[in-house]
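Subject: Model handover

Hello,

Please find the structure below. My notes on it follow.

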Amino acid sequence: MFGIPGKAPISMTPRAEAQIARLMAKGGSKGLRIGVKKGGCAGMEYTMDYVNEISPHDEVVEQNGARVMIAPMAQMFLFGTEIDYATDLLESGFRFNNPNVVDACGCGESIKFAGM
């Protein structure tokens, strides 16, 4: 993993921890795997999937009962990211505060990284 020894590659806010722990309990999964894939108007999109088996190549981050696995190909793009969970009047969902993003589309669904 791309990182600093002793420092988690990503962090989760208390709201994200609580929501991920709820999803794990509800679905009986071992956590959520986050990644990135090509797509959207800015070039890349985040992915999140339930995980029933942890891959030996995943980077695992655990905080207060919430477990997130980072897919190998996404590790360099997600380093330093804070995952939040927000609920407002019209929608609720995970938000990625990623310092590696240089541009995003108007709807906020896709992102662009430097050099891509």
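**What was found**

Of the 116 residues of the chain, 37% count as buried, meaning under 20% relative accessible area, with exposed over 50% and partly exposed in between (1.4 Å probe, protein chains only). This is a predicted model, where local features need pLDDT of at least 70, side-chain atom pairs count only at pLDDT 80 or more, and totals for chains, interfaces and linings use all residues. Residues are numbered from 1 along each chain as its sequence is written, and side-chain values use heavy atoms, with hydrogens and water left out.

**Confidence and layout**

The average pLDDT of the chain is 86, and 90% of the residues score at least 70. (pLDDT is the predictor's confidence in each residue, from 0 to 100.) The chain has two helices and nine strands. These are DSSP runs, numbered from the N terminus: helices are H or I with at least four residues, strands are E with at least two. The order from the N terminus is β-α-β-β-β-β-α-β-β-β-β. Among these elements, S5 has the highest mean pLDDT (96) and strand S9 (residues 111–113) the lowest (74).

Contacts here are heavy atoms within 4.5 Å. Among those between residues at least 6 apart in sequence, 52% join residues at least 24 apart.

**Around S5**

Strand S5 covers residues 66–70. Four of its five residues are buried, so S5 is largely enclosed by the rest of the structure. Two strands pair if DSSP finds at least two bridges between them. Strand S2 (residues 31–38) runs parallel to S5, with three bridges. Leu32 stands opposite Val68 of S5. Strand S4 (residues 59–63) runs antiparallel to S5, with five bridges. There, Glu59 has Ile70 as its bridge partner. The S4–S5 hairpin has two residues between the strands, and Asn64 takes a positive phi near 45 degrees in it.

**The three-stranded sheet**

An open sheet has the strand order S1-S6-S7, with mixed pairing. S1 (10–12) and S7 (92–97) stand at the edges with a single partner strand each, so one side of each is left without a neighbour in the sheet. Neighbouring strands are turned by 25 degrees against each other on average, direction ignored. S6 and S7 run antiparallel, joined by six bridges. Ile83 has Phe96 in S7 as its bridge partner.

Helix H1 (residues 14–27) packs on this sheet and touches S1, S6 and S7. Its direction makes about 75 degrees with that of S6. Axes are lines fitted to C-alpha atoms, for helices over the stretch in contact, and angles run from 0 to 180 degrees between N-to-C directions.

**Helix H1**

H1 has 14 residues and reaches 20 Å from first to last C-alpha, close to the 20 Å expected at 1.5 Å a residue. That expected span is 1.5 Å times one less than the number of residues. Buried in H1 are Ala16, Glu17, Gln19, Ile20, Leu23 and Met24. Gly28 follows H1 and has a positive phi, near 65 degrees.

Asp84 lies in strand S6 (residues 81–87). Its relative accessibility is 11%, so Asp84 counts as buried. Its side chain makes a polar contact of 2.7 Å with that of Thr13. (A polar contact is a pair of N or O atoms within 3.5 Å; within protein, one must be able to donate a hydrogen and the other to accept it, and residues adjacent in sequence count only if both atoms are side-chain atoms.) Leaving out residues up to four places away in sequence, Asp84 touches Thr13, Arg15, Ala16, Gly93, Phe94, Arg95 and Asn97.

Best wishes
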